[in-house]
Protein chains: 2
Amino acid sequence: MSNGDERCIGVFDSGIGGLTVVRELRRRLPHENIVYFGDTARVPYGIKSVQTVSRFAREDCDFLLRFDPKMIVVACNTVSAIALTELEDTLPIPIVGVVDPGARQAVLLAEGHTIAVIATEATISSDAYRKAMIKYQPTTRVIQKPCPLFVPLVEEGRRCEDAITRAVVHDYLDPIMRLDPRVLILGCTHYPLLKSAIAEAVGPGVKLVDSGEQTAATVVEKLRGRNTLNPGPDPGTLTCYVSDNPQRFKELGQRFLDHPVVDVTWVSQEQFLTHDVSTISV
Amino acid sequence: MSNGDERCIGVFDSGIGGLTVVRELRRRLPHENIVYFGDTARVPYGIKSVQTVSRFAREDCDFLLRFDPKMIVVACNTVSAIALTELEDTLPIPIVGVVDPGARQAVLLAEGHTIAVIATEATISSDAYRKAMIKYQPTTRVIQKPCPLFVPLVEEGRRCEDAITRAVVHDYLDPIMRLDPRVLILGCTHYPLLKSAIAEAVGPGVKLVDSGEQTAATVVEKLRGRNTLNPGPDPGTLTCYVSDNPQRFKELGQRFLDHPVVDVTWVSQEQFLTHDVSTISV
């Protein structure tokens, strides 16, 4: 039996939203080194086709594999919903998506009552949350609702108190509430930033499930199960790579990570598609 | 002197918005054949960096050049704002962007009064409209305002009468109106779909300039000046290529084109980046 594994955890997302998953990982795993890739040149994935999202996801994983990670976390609901099985089948290391952990927790909390899922168009169309929940509880009743304005609202920097934010949240959630759900899954990594506005709109009778939080819990479980936690004692590092606009990533990132985003490197398309990591490591 | 030119006009945009420019082109030039490319796999351009947008634009033009066009229309404000000069310097045929025609018309209509520009983040940051207007009238006073929620509102299918649309329009435009502009440039090809909501918010004292309309007028001028109009008599065709999601393009496209979008072909990344047009022509 080994004494842990100091290799990094690779995390990727279509853009910046996955930093909410990183935030949860760092809370639970302060000694892990994390390498994050945000595909900001091709963001968003949520309105794109299955073929395109699958190809992007394979390329994102190929990039992360250059850093020799012990695990890859797909901190993107769209990719988790559409391409996870394919990635699991081809990757040489364990991979964790955000859909299954959120779905499992929702079923536990719902105790047989209706569960609502809000997410991007692509995630909802994939039906992935419903399929995952039915695996755990075949009689689960599920309401699904795409909320395409939530991501641009968050990226524009609007807060939960903003009048437009509140109006949009009610516009999406009021019709759902008439169907009396007891659990609401935040099925997009941007949505935790709207949590207080969402909680206010649905009231105290509805439990919110943050898929990112549940994913971090699953990562801890899996690393512990394989005895591959980083034994420490040094604090873990966070190294970010983006395919576009590192400055915007830094500026916006702090809200998602709840901490300044310090180490961000731009990866050119040539660097991204070739296999020479030496040209970008700093 | 030749008797016109039957070759097509190439038009490209980051996605679907450029169809509002195509709509104006078809109104004025019913005999022209148009080949449209929408880069729906990488949309939106409006939040991406200058380098990335420039690279995408060169690739989009390379793709259109395979169809032997007599002119290329950049039906994308972001590309027109950021990369037009570079494209003009490298392309073997005339190229028309959407910024300059809109800017020229705005200066004419303003008669010395303040002009407001609304557009994507990238277009506003580029300062392209202000620079273009100052070229025509150095003393022009310009107010600029990014409206990042307008594109997702339109793409979600929300109409001008929708309560959220109206709230967002007022949220962006009310602060501008306090500065008393007399002309407002719709500096994004999606914005004409919000025209009636915008007109209602700014009132009858403000003239709206639709850059797409002005661009079509400029195309007519240039083709006529070179004696390269299509002499007819057949009605022109519209052939669309997209890098992702042809079905979504068809469904949404009708609202932008004011006509059903019939002929849409998906171009895979391999087809897009190689130079073999035979594999995609149908």
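How many helices and strands are there in chain A? Chain A has 12 helices and 10 strands (DSSP runs, H or I of at least four residues for helices and E of at least two for strands, numbered from the N terminus). This is a predicted model, in which local features need pLDDT of at least 70 and side-chain atom pairs count only at pLDDT 80 or more, whereas totals for chains, interfaces and linings use all residues. Residues are numbered from 1 along each chain as its sequence is written, and chains are lettered from A and ligands numbered from 1 in the order in which they are written.

**Figure 1. Overall dimensions of chain A.** The C-alpha atoms fill a box of roughly 55 × 40 × 40 Å along the principal axes. The radius of gyration of chain A is 18 Å, close to the 19 Å that the globule rule gives for 282 residues, so chain A is as compact as a globular protein of that length (radius taken over C-alpha atoms; rule, 2.2 Å times the number of residues to the power 0.38).

**Figure 2. The open, parallel sheet of chain A.** Its 6 strands follow the order β4-β3-β1-β2-β9-β10 (strands pair if DSSP finds at least two bridges between them). The edge strands are β4 (95–97) and β10 (264–266), each of which pairs on one side only. Neighbouring strands are turned by 20° against each other on average, direction ignored (axes are lines fitted to C-alpha atoms, for helices over the stretch in contact, and angles run from 0 to 180 degrees between N-to-C directions).

**Figure 3. Strands β2 and β9 of chain A.** Strand β2 (residues 34–38) runs parallel to β9 (residues 238–242), and 5 bridges join them. A:Tyr36 stands opposite A:Cys240 in β9(A). Helix α11 (residues 246–257) of chain A packs on the sheet, touching β2, β9 and β10, and its direction makes about 155° with that of β10(A) (contact: C-beta atoms, placed from the backbone, within 7 Å).

**Figure 4. Packing of helices α1 and α10 in chain B.** Helix α1 (residues 19–28) and helix α10 (residues 211–225) pack at an angle of about 45°, with their axes 8 Å apart. This angle makes α1(B) oblique to α10(B) (under 35 degrees is roughly parallel, over 145 roughly antiparallel, 65 to 115 roughly perpendicular and the rest oblique). Residues in the contact include B:Leu25 of α1(B) and B:Val219 of α10(B).

**Figure 5. The contact between chains A and B.** Chain B contributes 16 residues and chain A 15 residues. Helix α8(B) gives the most to the side of chain B that touches chain A, with 4 residues.

Definitions and conventions. Contact = placed C-beta atoms within 7 Å.
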